[in-house]
Amino acid sequence: METQVRDFWPANLAIIDVLAPVGILREQAALLGQKTKNLVEAEVTTSTHHDGTIMLQFYLVVPAMDHYRYRLFSVNHGAELYPLDIYFGSGPGPFSKAANEQDFISQLKNILSSEKTKRVVGSLLAQVQQ
């Protein structure tokens with residue numbers, strides 16, 4: 001007697017209508033190198049925690065300074081991507097939470113265009129151009 005395998009998985013399992021935070025960050029990292037003629041670049045690293053949390057770290061990298069790295073911010077999220085926590089600066093808790101993709105994009109825009117980010121990138125550029 002044959003045993004029939006029953007498949008309970010949906011046919012559209014891989015279809016998701018949201019951009020992953022890592023993709024959004026990598027896109028912005030690539031744009032920084034273009035804007036600074038690769039004098040200051042950005043890199044996104046990914047790591048996982050034992051509790052299943054995914055941590056994305058956004059680094060500014062200066063190739064001419066022995067690949068100096070400065071962590072600008074980090075993002076933590078679970079397997080479902082959103083909501084996520086954004087850590088910017090040296091405070092004890094999350095800078096903010098993003099409930100969805102649009103909220104994350106809005107907050108990322110604020111971080112990348114902030115005065116602090118402009119000061120850090122400007123300082124790094126000044127050191128390389130001297």
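Helices (H or I, at least four residues) and strands (E, at least two) are DSSP runs, numbered from the N terminus. The model is predicted: local features need pLDDT of at least 70, side-chain atom pairs count only at pLDDT 80 or more, and totals for chains, interfaces and linings use all residues. Residues are numbered from 1 along each chain as its sequence is written, and side-chain values use heavy atoms, with hydrogens and water left out.

S114 sits in the loop between α2 (101-112) and α3 (115-129). Burial is defined by relative accessible area: buried is under 20%, exposed is over 50%, and partly exposed is in between (1.4 Å probe, protein chains only). S114 is buried because its relative accessibility is 16%. Polar contacts are pairs of N or O atoms within 3.5 Å; within protein, one must be able to donate a hydrogen and the other to accept it, and residues adjacent in sequence count only if both atoms are side-chain atoms. The S114 side chain reaches the backbone oxygen of I111 at 2.9 Å.

Q107 belongs to helix α2. Its relative accessible area is 12%, so Q107 is buried. Its side chain makes a polar contact of 2.9 Å with the side chain of D103. With neighbours within four places in sequence left aside, Q107 is in contact with I86, S96, K97 and A98.

L60 lies in strand β2 (residues 54-62). This leucine is buried, with a relative accessible area of 1%. The C-alpha atoms of L60 and E43 are 6.5 Å apart in space, and the two residues are 17 apart in sequence.

Aromatic rings were examined next. A pair of aromatic rings is described by the distance of the centres and the angle of the planes. Rings of Phe, Tyr and Trp (its six-membered ring) pair if their centres lie within 6.5 Å; planes under 30 degrees apart count as stacked, over 60 as edge-to-face and the rest as tilted. The count by this rule is three aromatic pairs. One of them, Y82 with F104, is tilted, at 6.4 Å centre to centre and 55° between the planes. Y82 lies in the loop between β3 (68-77) and β4 (84-88) and F104 in helix α2, so the pair ties together parts that are 22 residues apart in sequence. Y82 is buried at a relative accessible area of 13%. F104 is also buried, at 1% relative accessibility. F88 and F95 form an edge-to-face pair, with 5.5 Å between centres and 80° between planes. F88 is buried, with a relative accessible area of 16%, whereas F95 is partly exposed, at 47%.

Charges over rings were also searched. A charge sits over a ring if NZ of Lys or CZ of Arg is within 6 Å of the ring centre and within 35 degrees of the ring normal. The charged end of K116 is placed over the ring of F88, 5.3 Å from its centre. R69 lies over the face of Y59, at 3.9 Å from the ring centre.

The loop between β3 and β4 also holds P83. The peptide bond from Y82 to P83 is cis, with omega near 0°. L81 is placed in that loop as well. Its phi is positive, about 75°, although L81 is not a glycine. L81 counts as buried, at 14% relative accessibility. N38 lies in the loop between α1 and β1 (41-48). Phi of N38 is near 60°, a positive value in a residue other than glycine. N38 is partly exposed, with a relative accessible area of 45%.

Grid points are joined across faces, edges and corners, and a volume is the space filled by probe spheres set on the points. The largest pocket has a volume of about 280 Å³. Its lining counts 13 residues, of which Q28, L32, K35, L112 and T117 are the closest to its centre. Two or more lining residues come from each of α1 (21-35), β2 and α3. The largest share, four residues, comes from α1.

Notes
Contact means heavy atoms within 4.5 Å. On a 1 Å grid over the protein atoms alone, a cavity is a set of points where a 1.4 Å probe fits but cannot get out, and a pocket is an open set with protein on both sides within 12 Å along at least five of seven lines; lining residues have an atom within 4 Å of a point.
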